[in-house]
Amino acid sequence: MASQTINGKAFEYALLSEFYERLKTITSASITENEPYKTAKGFFDGFSENEQDTFRITASASINFLIDIEPRLSNGISKDDILVLELVSDQAGQTGDVRDVLIIRSLQNWEIGISAKNNHRAVKHSRLSQRIDFGDKWLGVPCSKSYFDEIKPIFDMLTELRAIDRATKWTSIENMHQVVYMPILDAFRKELLRLDKGNSNIVAENLVQYLIGNKDFYKVIKSKKKVEIQAYNFHGTLNLPFEKIKPKAKIPKLKLPTRLIEIVYQENSTTTLLVSLNEGWQISFRIHNASSRVEPSLKFDINLVSAPHTLFTNHIFIN
């Protein structure tokens, strides 16, 4: 398993256990010891004490801040108002829910979620192939026949190469960028614009919700000497007061885009498209092959290039 995943899961565990340690003395709190919890704990336990301390210190710094802006974390209605902490299985992310850590008060009909990231900012890794209808899967609007007709010869060629010899390497394809990447990206670009044109208002909004997250959440990004907290408050469920107790900082609502503005290649690139949307959203799609051997599918590395200026971001430095 990639170290990226192991670090990420260990950080999720650190967040969960630090939340519990901080809050159990001020409010009724419990941890759901489900499969994702056991997995994450196993990874965390595999680190040295020094590394575990780093995870804990980073988690703790972000929690201090979250307690200030989410009064419901530390305030229950009564002792029966239990704050339940749980880790989410990875399957949820496929439906656009990117939260890793859930904090729930069912008596208050309240929950917040956290997406925990260790040193990386990519939002999604999605695939394209002859069989994958990205329109349907991401946006709820199926791709056209002409899109599939356009990508078919390229994926057919890849299928044939693999059938001849399963060990064929991508590097053996001459001018691979011109022969494989660019035609696929061009077809993807045309289709995304076509879908947006035919379904105005839906596609841009659904694209951001699928890639960034369809539920409100905090993103906690751990890096070497600091932790960054971003608040994706699309639906206004974050930063709520508890009775008369107000949050110590105000988190604005984020506007979802309503239209695609343009899709262009990144400068001097044959692998990356930049998708610009209104309200200040810009997303990059970099296409690549997931393994060194030829297979009839390609992967996107998708990153948020820019977000609306109303995206709440806080950096906490840790020595």
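These legends walk through several close-up views of a predicted model.

**View 1. Helices α1 and α2 cross one another.** Start with two helices, α1 (residues 3-23) and α2 (residues 35-45). Their axes come within 8 Å and cross at roughly 105°. Because angles of 65 to 115 degrees count as roughly perpendicular, that is the word for how α1 lies relative to α2. From α1, the contact is made by Ile6, Lys9, Ala10, Tyr13, Ala14 and Leu16. Facing them from α2 are Tyr37, Ala40, Lys41, Phe43 and Phe44. What kinds of residue make up this contact? Nine are nonpolar and two are charged, with no polar residue taking part.

**View 2. Tyr13 and Tyr37 form a ring pair between the two helices.**

**View 3. Seven strands make an open sheet.** Follow the strands across in the order β1-β2-β3-β4-β6-β7-β12. The pairing in this sheet is mixed. Which strands form the edges? They are β1 (29-31) and β12 (312-317), each pairing on one side only. From one strand to the next, the twist averages 20°.

**View 4. Strands β2 and β3 pair within the sheet.** A handy landmark is Val84, which stands opposite Ile104 in β3.

**View 5. Phe217 and Tyr232 are a stacked ring pair.** Phe217 sits in strand β6 (residues 217-222), while Tyr232 sits in strand β7 (residues 226-232). With ring centres 4.8 Å apart and planes at 10°, Phe217 and Tyr232 count as stacked, because the angle is under the cut-off of 30 degrees. The two residues are 15 residues apart and link distant parts of the chain. Are Phe217 and Tyr232 buried or exposed? Both are buried.

**View 6. Ring pairs join eight aromatic residues into a cluster.** To find the cluster, look for Phe134, Trp138, Tyr147, Phe148, Phe188, Tyr210, Phe285 and Phe300, which are linked by ring pairs. Across the structure there are 20 aromatic pairs.

Technical notes: Residues numbered from 1 in each chain as written. Predicted model: local features only at pLDDT ≥ 70, side-chain atom pairs only at ≥ 80, totals over all residues. Heavy atoms only, no water. Axes fitted to C-alpha atoms, helices over the stretch in contact; angles between N-to-C directions. Helix = DSSP H or I, 4+ residues; strand = E, 2+ residues; numbered from the N terminus. Parallel < 35°, antiparallel > 145°, perpendicular 65-115°, else oblique. Contact = heavy atoms within 4.5 Å. Nonpolar A, V, L, I, M, F, W, Y, C, P; charged D, E, K, R; others polar. Pairing = 2+ DSSP bridges. Phe/Tyr/Trp six-rings, centres within 6.5 Å; stacked < 30°, edge-to-face > 60°. Buried < 20%, exposed > 50% of the residue type's maximum accessible area, 1.4 Å probe, protein only.
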